[in-house]
Amino acid sequence: MPELPEVETIVRGLRPTLEGRRLVRVIQRRADLRFPLPEDFAKRLTGRRVERLGRRGKYILVHLDGGEVLLCHLGMSGRLVLNGDGAALGPHDHVIFLTDRGAEIRFNDVRRFGIMDLVPEAALHGHRLLEGLGPEPLSNDFNGPVLAARLKGKRTPIKAALMDQRVLAGLGNIYVSESLYFAGLSPRRQAYSVQGRRAERLAAAVRDVLTRAIEAGGSSLRDYVQADGELGYFQHEWAVYGREGEACPDCTCDLAKSGGIRRIVQSGRSTFYCPARQR
């Protein structure tokens, strides 16, 4: 599932094409994705001008004239891609947006686990998918004390706490593993114990990892591509994720004795970490 860096990369990639442009035609090729699409979905979008694109956690927000917002979640396999070669529509191209400048953006979703909804802007923050989200980790309001307050009293492993979108918005399996490595914290550590300097280290690591991932265009693991169809490249910079048995970037261990990076399963998800550097 695309995480914050992938969603932010797509938003930035679509802004030059969509912002300020009018949707002259919207093609809806099925009645539902993960949930039913809004009634008269294509009709309500046709003729609307895109005022700006934003993001909240893993959700794309397309602000339209008239005070509505197109809320989009990519699900497990969704893509929002500019079609520059005029290729024929495929079976998984479910929604197509055409602008007054002739651009075509396709929402392609093999597993149909994505979400699209039309929401009045005044009610956006109270929407059932957004109202419980935690702080944005790249906002100016996010820091060590804020993170410590979100973790206080949580008797779950720190990995599970950071995966909880109510604690911090936008993080998923890859970037939690990477952030914990650079903060020097074991994924097994109890969340409530991450206070003070530990919380400061972790908040800084989260911000740094996400920033670097966005600069690299995100991580292409399975289905994700950028808005122009190009792959992301951050998977080549992973310190621990997917590298079981290898040396971590700062390794001084004897791999024959330490076994290198370890993989464990937490809450049904793979976690990768260095037991020598993460406590």
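**Exercise 1. A sheet and its edges**

Find how many bridges join strand β4 (residues 68-73) to β8, and in which direction the two run.

Solution. Step 1: β4 and β8 run antiparallel and are joined by six bridges. Strands here are DSSP runs of E with at least two residues, helices are runs of H or I with at least four, and both are numbered from the N terminus. Two strands count as paired if DSSP finds at least two bridges between them.

Before going on, a word on the model: it is predicted, so local features need pLDDT of at least 70 and side-chain atom pairs count only at pLDDT 80 or more, while totals for chains, interfaces and linings use all residues. Residues are numbered from 1 along each chain as its sequence is written, and side-chain values use heavy atoms, with hydrogens and water left out.

Step 2: Pick out Leu70, whose bridge partner in β8 is Leu118.

Step 3: Now widen the view to an open sheet of four strands, paired antiparallel in the order β2-β3-β4-β8. β2 (50-56) and β8 (115-120) are at the edges with a single partner strand each, so one side of each has no neighbour in the sheet. From one strand to the next, the twist averages 20°.

**Exercise 2. The two sides of a helix**

Work out which residues of helix α3 (residues 144-151) are buried, and which exposed ones its opposite face carries.

Solution. Step 1: Gly144, Leu147, Ala148 and Leu151 are the buried residues of α3; buried means under 20% relative accessible area, exposed over 50%, and partly exposed in between (1.4 Å probe, protein chains only).

Step 2: These four lie on the same side of α3, because they cover an arc of only 100° around the axis. The arc is taken over the directions from the helix axis to the C-beta atoms. An α-helix has 3.6 residues a turn, so residues three or four places apart point the same way.

Step 3: Turned away from the buried side, the other face carries exposed Pro145 and Ala149.

Step 4: The buried residues of α3 pack against α4 (158-163) and α6 (196-215), where contact means heavy atoms within 4.5 Å.

**Exercise 3. A histidine and a strand**

Decide whether His94 is buried or exposed, and find which backbone oxygen lies 2.8 Å from a polar atom of its side chain.

Solution. Step 1: Locate His94 in strand β6 (residues 93-99). His94 is buried, with a relative accessible area of 4%.

Step 2: Look at what surrounds His94: leaving aside neighbours within four places in sequence, its contacts include Ile27, Leu33, Phe107 and Asp109.

Step 3: The backbone oxygen in question belongs to Asp109. A polar contact is a pair of N or O atoms within 3.5 Å; within protein, one must be able to donate a hydrogen and the other to accept it, and residues adjacent in sequence count only if both atoms are side-chain atoms.

Step 4: Turn to β7 (residues 104-109), where six of the six residues are buried, so this strand is largely enclosed by the rest of the structure. Five bridges join β6 to β7, antiparallel, and Phe97 stands opposite Ile105 in β7. Between β6 and β7, which form a hairpin, there are four residues, and Gly102 in the turn has a positive phi of about 85°.

Conventions: Axes are lines fitted to C-alpha atoms, for helices over the stretch in contact, and angles run from 0 to 180 degrees between N-to-C directions.
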